[in-house]
Amino acid sequence: MNYNTVYVGMDVHKESFSLCAYTIEAEKASHYQRTEADYKKVLNYLEFLRTIYGDDANFICGYEAGCLGYTLYHQLTANNVKCIILAPTTMLEQRSKKRIKTDKRDAEIIAKCLAQHNYSPVHIPTAKDEETKEFLRMRDDHKLALKKVKQQILAFCLRHNYRYDGNSHWTAAHLKWLKALTPEALYKEILDEYLLTYHTLSDKLERLDKRIEELSTQDEYKEAVKKLCCFIGVKTHTALSVLVEVGDFNRFASAQHFASYLGLVPGEDSSGNDQNRLGITKAGNRHVRLLLTEASQCYARGQVGFKSKELKARQSGNTPAVIAYADKANERLRRRYYKMVLNKCKKHNVAKTAIARELACFMWGMMTDNIA
């Protein structure tokens with residue numbers, strides 16, 4: 001029996017792969033197989049399917065984005081096997097309310113989505129983008145570790161009734177106060193170890209940030225980073241992260257599609273005449289969504305139309321058209337934030353999320369040269 005295209009669904013895990021084949025003609029999955037987590041086993045499975053569907057059968061493999069990253073994709077592609085990574089949040093296959101979840105069912109759902117095109121593929125970054133993305137995420141992991149150590153130090157001081165009278169923590173005065181503390185017995189050693197970890201991570205972050213500045217000056221990123229840094233709240237780390245995480249901005253038909261990809265658009269649960277707006281969908285790239293939400297907080301400060309010396313320095317070197325576009329965006333977003341909070345009495349977090357969505361749209365315009 002010979003079929004034109006066979007869709008192979010793969011539910012992949014650290015230790016095992018669950019595979020199945022699906023054809024449009026049969027409209028059901030078959031030939032289930034559980035193998036070790038090795039791409040060679042997938043190739044052997046495809047050879048087995050050729051004995052059933054014929055030597056001229058066309059295979060399309062797919063798996064959900066997850067812990068394996070792009071490794072399996074590159075391994076199969078190198079062996080001339082078409083492979084697709086599916087974005088889980090875009091898969092339209094309906095799952096029953098009384099959920100029965102097994103690897104076999106997940107593989108069948110993936111194969112069915114492939115056959116019916118009920119999915120959006122994950123963007124495959126270039127080797128350079130992937131390396132830079134991993135470096136930036138590694139830096140963010142260290143930043144998170146530093147934040148945790150800070151919380152642990154403050155909690156230690158509170159437990160032992162050491163109270164700082166200054167205005168803010170982690171200033172030079174606060175660090176001097178921490179070093180001057182003299183807890184009794186083993187507590188002194190505990191505080192010293194905490195502070196040693198704090199200083200180690202602080203120094204490492206400073207070194208990593210310098211390295212990120214160097215990476216941003218490479219030919220692939222230099223011009224785009226300079227453009228994105230024209231926006232308020234967007235510096236080198238944020239600009240470079242957005243570039244390597246998103247990749248090609250032109251793959252989005254409009255700014256609204258880009259905001260939807262980031263999960264910054266509101267959800268909806270409407271039926272008939274009843275319309276019910278929900279919170280943002282939180283679909284797509286969580287990392288970029290977090291960065292833009294953090295950047296949007298800068299629009300909650302300062303006067304409308306005011307440009308700081310630091311912002312002017314970041315904008316220098318760009319074309320007048322790029323600077324004018326960024327200034328228009330900065331003025332609009334800051335004015336819109338104040339209007340939402342002061343006039344419409346919106347909650348601060350709601351307003352900041354709305355600003356993050358519009359900032360994403362302006363970024364799309366900047367990167368696709370829609371700045372008229």
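These legends describe close-up views of a predicted model. Residues are numbered from 1 along each chain as its sequence is written, and side-chain values use heavy atoms, without hydrogens or water. Because the model is predicted, local features need pLDDT of at least 70 and side-chain atom pairs count only at pLDDT 80 or more, while totals for chains, interfaces and linings use all residues.

**View 1. An open sheet of five strands.** The strand order is β3-β2-β1-β4-β5, with mixed pairing. Strands (E, at least two residues) and helices (H or I, at least four) are DSSP runs, numbered from the N terminus. Two strands pair if DSSP finds at least two bridges between them. β3 (28-36) and β5 (82-86) are the edge strands; each has a single partner, so one side of each lacks a neighbour in the sheet. From one strand to the next, the twist averages 25 degrees.

**View 2. The β1-β2 pair.** β1 (residues 5-12) runs antiparallel to β2 (residues 16-23), with six bridges between them. Y7 has Y22 in β2 as its bridge partner.

**View 3. Helix α3 across the sheet.** Helix α3 (residues 103-116) lies across β1, β2, β3, β4 (58-64) and β5. Its direction makes about 140 degrees with β1. Axes are lines fitted to C-alpha atoms, for helices over the stretch in contact (heavy atoms within 4.5 Å). Angles run from 0 to 180 degrees between N-to-C directions.

View 4. E47 and R50 both lie in α1 (residues 39-53), three residues apart, about one turn of the helix. Their side chains form a salt bridge at 4.0 Å, N to O. The rule asks for a side-chain nitrogen of Lys or Arg within 4 Å of a carboxyl oxygen of Asp or Glu. It gives a count of 16 salt bridges.
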